[in-house]
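I opened the model today to look up a few things. My notes follow in the order in which I took them.

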2 protein chains.
Amino acid sequence: MLRPMKEALGAATSWRVREVGDGNLNLVFIVESGGGSLVVKQALPYARVVGDSWPMSLDRTFFEFHALTRLEARDPGRLPKLLHFDEDQALLVMEYLHPHIILRKALAEDALFPQLGAHLGRYLARTLFRGSDLAMKTADRKSDLALFSRNVELTGITEDLFFTDPFMIHPRNRHTPGLEESARAAREDMDLKLAARTLKARFCSCAETLLHGDLHTGSIMVTETDSRVIDAEFAVYGPMGFDIGSLLGNFWLAFFAQRGHHAAGTAEQRGRWILHVVQTIWDVFVAEFSTLWHRERTGILGGREFFEDAQGLLGSNIALQQQLKEIWLDSLGFAGIEMHRRILGLAHAAELETIADEGQRAACERRALIMGRALAVNRASLPDIGSVNSLAADIDGL
Amino acid sequence: MLRPMKEALGAATSWRVREVGDGNLNLVFIVESGGGSLVVKQALPYARVVGDSWPMSLDRTFFEFHALTRLEARDPGRLPKLLHFDEDQALLVMEYLHPHIILRKALAEDALFPQLGAHLGRYLARTLFRGSDLAMKTADRKSDLALFSRNVELTGITEDLFFTDPFMIHPRNRHTPGLEESARAAREDMDLKLAARTLKARFCSCAETLLHGDLHTGSIMVTETDSRVIDAEFAVYGPMGFDIGSLLGNFWLAFFAQRGHHAAGTAEQRGRWILHVVQTIWDVFVAEFSTLWHRERTGILGGREFFEDAQGLLGSNIALQQQLKEIWLDSLGFAGIEMHRRILGLAHAAELETIADEGQRAACERRALIMGRALAVNRASLPDIGSVNSLAADIDGL
């Protein structure tokens with residue numbers, strides 16, 4: 001571990017070390033010297049945010065290492081550069097991203113990030129396409145499936161916290177005072193729970209591509225010109241729509257939080273910007289996925305032998321639309337579940353949590369839950385990103 | 001290896017050994033003595049049916065061993081009893097099933113098997129249910145997913161031979177003279193190829209349960225009172241409908257073969273019996289799956305906390321119907337593909353192959369292909385097993 005750090009920083013006597021201290025699971029240190037800077041991320045044998053009453057094995061660093069190297073190779077430059085991995089110490093040394101800030105904080109504030117949507121749309125298309133049987137050699141894909149299927153502990157957290165807890169009474173759950181009625185309604189909503197069960201089955205059984213697995217606005221760091229994806233320890237093979245839906249769901253949460261942070265005019269301006277980012281993410285995802293479909297469909301699910309090599313492009317283009325439609329429906333469903341678990345479950349969204357006035361926060365969250373339910377239960381009736389953003393605007397009174 | 005054989009058979013001097021010699025991949029020996037009998041199955045470093053021009057690794061015996069032990073535990077008594085596994089020699093010693101005969105041969109002849117449908121329906125429900133996240137502990141399920149995802153070579157054979165070859169020009173393909181037009185039509189049928197691609201994606205990505213992976217009428221041995229499932233080396237995690245569809249597809253192939261083997265009255269009587277078996281398999285599958293759903297839904301996809309434990313049975317019953325509908329649609333699709341690959345691809349079905357008159361055989365196969373296309377392309381319009389059997393009867397002029 002010391003050698004790569006010395007290479008980056010110079011003699012250890014000059015290092016300044018500080019703990020970042022805002023991770024849910026791990027210790028994160030920033031180490032700086034006159035010569036440079038880096039981040040050290042180390043797993044603890046328990047979840048940092050809860051303490052040693054929630055024991056957790058150290059091998060999540062192993063999965064983050066493998067996810068980081070793969071995702072970075074699939075969309076170069078979009079993740080922090082890895083400098084060193086020490087499996088025994090459950091420790092990663094990585095590029096220190098600065099002056100980047102966590103997107104979740106940025107969304108509650110006043111900044112705009114003109115390239116954010118394009119960066120994220122391309123990241124989603126490239127990582128999801130290139131980790132699947134559309135592109136990979138099948139033996140490699142199956143070997144990675146086997147590797148990441150060992151990530152049982154963190155995947156189990158997703159299975160419970162995402163798909164189950166928010167729709168039942170559970171000691172891990174919490175919600176803003178005033179939301180009792182909404183929480184009860186979610187628990188008694190059979191259609192919503194049927195949707196949650198169906199989507200949980202998709203998450204557990206549809207081993208389509210390597211997911212980041214926890215792609216929310218707290219896993220993204222931004223500047224005006226750069227966007228980076230961090231914290232890939234939840235990586236697992238799953239359906240493409242999971243990463244997309246998690247991410248869009250968090251943007252819609254941020255959208256509904258705006259009235260809690262800003263006066264009317266500003267809130268609407270910021271809200272429109274967030275919906276614009278969402279629209280851009282989806283549009284760029286579709287464009288990039290379509291480009292990769294035509295250029296890089298070399299895996300066993302390529303189907304080139306049926307279409308391009310035999311009959312021309314029509315069949316290929318229809319198959320692309322079929323695949324995009326499936327991803328679309330999954331994405332909306334997962335977004336709807338994400339919006340519930342961030343309001344009714346254990347892990348909340350800073351965009352909403354930082355609304356000081358509880359009544360105001362509850363009102364924002366109530367609107368977000370209405371949207372989330374529509375996404376989860378009525379997704380088959382929502383044809384495109386414009387119609388979903390219109391739905392959000394209507395619910396918000398934008 | 002010798003000790004378990006001696007225990008079953010007595011001193012080696014009294015053994016009589018003969019090779020069965022009808023396997024596609026492996027050597028199979030029957031060893032008998034005054035004291036007992038058993039079967040020795042050994043993998044060769046190539047596919048037996050093709051020869052050493054098709055090299056094949058020996059580890060398929062490893063996967064058969066693991067599949068056999070798991071499937072037998074999930075439906076005890078329905079697979080041959082395992083006596084010994086020698087990984088180094090790629091060799092399994094098993095119960096010798098006698099007077100059982102291969103179902104594929106039996107279906108071309110004159111026998112009836114009154115319990116066959118019930119045995120197979122229960123086998124499908126028990127193995128498919130109990131190998132999934134509906135029932136298994138999630139860490140065990142993921143560990144098995146990892147184990148069987150290493151079965152790359154044999155799974156690759158399915159991916160190619162089942163879903164790809166029959167719909168393109170390929171040197172491995174062969175068909176009965178006179179079927180040129182049907183083969184060309186399949187290759188030029190965009191909707192059929194779109195369906196094949198979608199179903200291949202389901203097979204590759206939907207890691208729902210441990211499949212037998214090659215469940216046709218040549219993988220089943222029967223007497224009037226017993227039915228056994230053999231040859232599980234293609235085992236892999238996949239969608240429940242794959243085993244069901246493969247099996248039903250082979251029964252429908254046998255159905256369309258009857259006019260090639262029997263005079264009008266007998267052919268119709270045998271055809272009706274086969275459709276009756278198909279009906280029984282599906283009905284018993286649904287009944288047994290529903291029973292297990294209510295009694296053994298202890299896995300992370302159980303959802304009991306949403307329904308039985310919170311709101312009563314209604315949600316649970318609707319979720320069961322949703323799951324059965326998905327299995328149904330998959331099953332029909334896979335059956336349709338199976339019916340194509342057994343007529344246009346490499347591995348054919350003895351029920352049809354043994355029709356001596358080529359013109360007669362081609363006529364039977366043409367009808368089977370019409371049925372197979374309807375299953376693959378129009379499955380969403382087929383509500384239940386009765387309607388599908390009626391379709392078969394109409395196509396056959398029954």
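**Entry 1: domains of chain A.** I began with the C-alpha centres of domain 1 and domain 2 of chain A, which lie 26 Å apart. The assignment puts domain 1 of chain A at 2-95 and domain 2 at 101-396; such bounds come from an automatic or database domain assignment. Their contact takes 16 residues from domain 1 of chain A and 21 residues from domain 2 of chain A. I count two residues as in contact if their C-beta atoms, placed from the backbone, lie within 7 Å. On the domain 1 side I found seven nonpolar, three polar and six charged residues. For these classes, Ala, Val, Leu, Ile, Met, Phe, Trp, Tyr, Cys and Pro count as nonpolar, Asp, Glu, Lys and Arg as charged, and the others, Gly among them, as polar.

**Entry 2: ground rules.** I noted that this is a predicted model, in which local features need pLDDT of at least 70 and side-chain atom pairs count only at pLDDT 80 or more, while totals for chains, interfaces and linings use all residues. Residues are numbered from 1 along each chain as its sequence is written, and chains are lettered from A and ligands numbered from 1 in the order in which they are written.

**Entry 3: chain B against chain A.** The contact takes 40 residues from chain B and 40 residues from chain A. On the chain B side, α5 (138-148), α6 (152-163), α8 (190-205) and α11 (314-344) each give two or more residues. Helices (H or I, at least four residues) and strands (E, at least two) are DSSP runs, numbered from the N terminus. The largest share of that side, nine residues, comes from α8(B). By class, the side has 19 nonpolar, 10 polar and 11 charged residues.

**Entry 4: a helix in chain A.** Is α9(A) buried or exposed? I found 22 of its 22 residues buried, so α9(A) is largely enclosed by the rest of the structure. Buried means 20 or more other C-beta atoms within 10 Å of a residue's own, exposed 12 or fewer, and partly exposed in between, with C-beta atoms placed from the backbone.

**Entry 5: a sheet in chain B.** I looked up an open sheet of three strands in the order β8-β10-β11 (chain B), with antiparallel pairing. Its edge strands are β8 (101-102) and β11 (227-229) of chain B, each pairing on one side only. Strands pair if DSSP finds at least two bridges between them; β10 (residues 220-222) of chain B and β11(B) have three bridges. B:Ile220 stands opposite B:Val229 in β11(B).
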